[in-house]
Amino acid sequence: MQQNYGINIWSDNNFIIENNTVNINHKNRPSLLEITQDARGQGYKGPLLLRFPHLIKKQIDTLYREFNRAREEFDYNGKFQAVFPLKVNQFPNFVNSLIEVSKEYNYGLEAGSKAELIIAITHTPLNAPITVNGFKDKEMISLCFIASNMGHNITITIEGIGELETIIEVNREFNRDNKIHITPKIGLRIRLHSSGIGIWEKSGGYSSKFGLTSTELLDAYDLLKKHALLDKLWMIHFHIGSQMGEIAPLKKALREVGNIYGDLKNRGATELNAINIGGGLAVEYAQHSNYKELNYSLKEFANDVVFLMKEISKNKNIKEPDIFTESGRFIAAHHLVLIAPILELFSQEYHEKSLRLKENNPPLITELYDLWRSLNKMNAREYLHDSLDHMESLLTLFDLGYIDLEDRSNTEILVNLIIKKSILLLNKNDNNELQRLQDRIQERYLVNFSAFQSLPDFWGLHQHFPVMPIDKLDSTPTNPATIWDITCDSDGEIPFNREKPLYLHDINVDEEEYFLAFFLTGAYQEVLGMKHNLFTHPTEIVVNFDKNGEYILENFVESKNIMDVLDEMDYDKSFIDKKLKSQIKESTTMSQTQKQKLLGKLYLYLSENSYLKTIQTHKN
Ligand SMILES: *Cc1c(COP(=O)(O)O)cnc(C)c1O
């Protein structure tokens, strides 16, 4: 049985297993292994982030295609438009790729802070929509006015009455200073009565940080009218929360917001013409079919949105609004793969070569050895039981002083080998006993990455990310695996979980390289990543394809070197520099040439990134 790590569940055909490697299912289908080796050959060691712009494009294409299909199917007259919420990924190599691959759609950006707003203003074409959410002060609102006067298509989403008052104030100032100016468009964020579900539910719902209650909506309407700004009100917005696993809360929210939209429009908000359904469209991170994270498809999602808006518009006798989405996770998650090298396997040396068999072994040890050699599919269960029984006897013999430490070590190794072989031969999934035994023989893999930096949602929210080795996929992995990162923090561990087991191959890191890939890490992880232990954003590489279908590696951004990491923490670089030099210079044990040599070495290390290059194993 070939272990496929649930690739058919989470990869959406973006990655496939071909021969014995994970390959990119695009153009010439290169393997992740050859790309990794290529980059390492160019000197980029440590963990690597591979960015795939074609996967950003695929998600955008899919989103527009499904919504436009639904519009046709339901004969819907409003348009479909999308913006990308920058908080999901603001890294320039991502944003530039996003803008590049989405040209045909007039795809826009959503900003939630001043810095994000500046990214949006400088990276979107003039016509593309910019929406501005989140808490805003007078400066931020003024920035929106500046953008609209540059010619940007910008909408300020009002999260509270106070913001509307500031807009009125800024508008008055602009009116006074410039006779002709363009006021930005205005959106109103609805505080939903219905709420989302799952670990991110807090962003929707009545106790949410954001949005206007019904009473506030009416107040806002009156204020807009009073200050002759009603013609700027053109969008209603809501956001139900991220990674929405079920479709039901969205439908509930749509009915609620759709009716609010209709009432405001009929009340006199004649320019109101768009409904923004926020984000929340989920991504399937599961590797095990029993643990799927979402219960709907994009098709169903799009159908529900379009159908419900059509129905509400008919009931309220209004024009069908344009539909906006702000899906972030759905667009960004797929495009980024973290490749992390295995540095070490940590379990005791339960290998055949560690056996210390004697001329004359205690009979039970000889028996164990024979059980191991002759184990096959037919006898595995029986022999496994025999071996566990023998082990108990042998341990008792040891306690009583009848056998020695070498015999005891041989016992442990042989029983371990028998359990591993049984797991290989029997179907571990329908065997409780084997499942329990797995904890005992699990192997700890030390992996060159920081979970805090690269999978912060695993650390903070226990979000699962698909992980698998990128080669050796023609052989069955037998080690139940726990993953250890290189931080000095015991939370930097992905423990073996019997419910969602991960098996990895038994390898000898002194002789061969072995890499793990973590998938679907393109949404939120990069910017939420923490510098715990001062491990920084890994080296990133953009993987594009030329017209012959060959991959090209571009835009390398190497992980920060040690001195730059310290500089970023506001350490005084020149102090550190002087101190290191003087400490070497003043050493009394070294000769002049020795000092020079060490100084050279030291500066070489300081110019490299802080991830581990290699690890000294016990054999060297
Ligand atoms: C975070 C956020 C989004 C993006 O949500 P996803 O679940 O990543 O699609 C969209 N809109 C608003 C207002 C947000 O705060």
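What follows is a short chat about the barrel, the ligand site and a few local details.

Guide: This is a predicted model, in which local features need pLDDT of at least 70 and side-chain atom pairs count only at pLDDT 80 or more, while totals for chains, interfaces and linings use all residues. Residues are numbered from 1 along each chain as its sequence is written, and side-chain values use heavy atoms, with hydrogens and water left out.

Visitor: Which strands close into the barrel, and in what order?

Guide: The barrel has eight strands, in the order S4-S5-S6-S7-S8-S9-S10-S11, with parallel pairing. Strands here are DSSP E runs of at least two residues, and helices are H or I runs of at least four, numbered from the N terminus. Two strands pair if DSSP finds at least two bridges between them.

Visitor: How many bridges between S6 and S7?

Guide: Four, joining residues 129–132 of S6 to residues 153–158 of S7 in the parallel sense. Pro-129 stands opposite Asn-153 of S7.

Visitor: Which strands does helix H7 lie across?

Guide: H7, residues 161–177, lies across S7 and S8 and runs at about 135° to S7. Contact means heavy atoms within 4.5 Å. Axes are lines fitted to C-alpha atoms, for helices over the stretch in contact, and angles run from 0 to 180 degrees between N-to-C directions.

Visitor: Switching to the ligand. Which residues are closest?

Guide: Lys-87, Ser-242, Glu-326, Gly-328 and Tyr-524 are the closest of the 16 residues around the ligand. A residue counts as near if one of its heavy atoms lies within 4 Å.

Visitor: What does the side chain of Tyr-524 do there?

Guide: An N or O atom in the Tyr-524 side chain is 2.6 Å from a ligand oxygen. A polar contact is a pair of N or O atoms within 3.5 Å; within protein, one must be able to donate a hydrogen and the other to accept it, and residues adjacent in sequence count only if both atoms are side-chain atoms. Gly-328 places a backbone N or O atom 2.8 Å from an oxygen of the ligand, and a polar backbone atom of Gly-280 is 3.0 Å from a ligand oxygen.

Visitor: Last one: where is Ser-610?

Guide: Ser-610 sits in the segment after helix H21, residues 592–606. Leaving aside neighbours within four places in sequence, Ser-610 is in contact with Leu-534, Phe-535, Lys-560 and Ile-562. A polar atom of the Ser-610 side chain lies 3.2 Å from the backbone oxygen of Leu-534.
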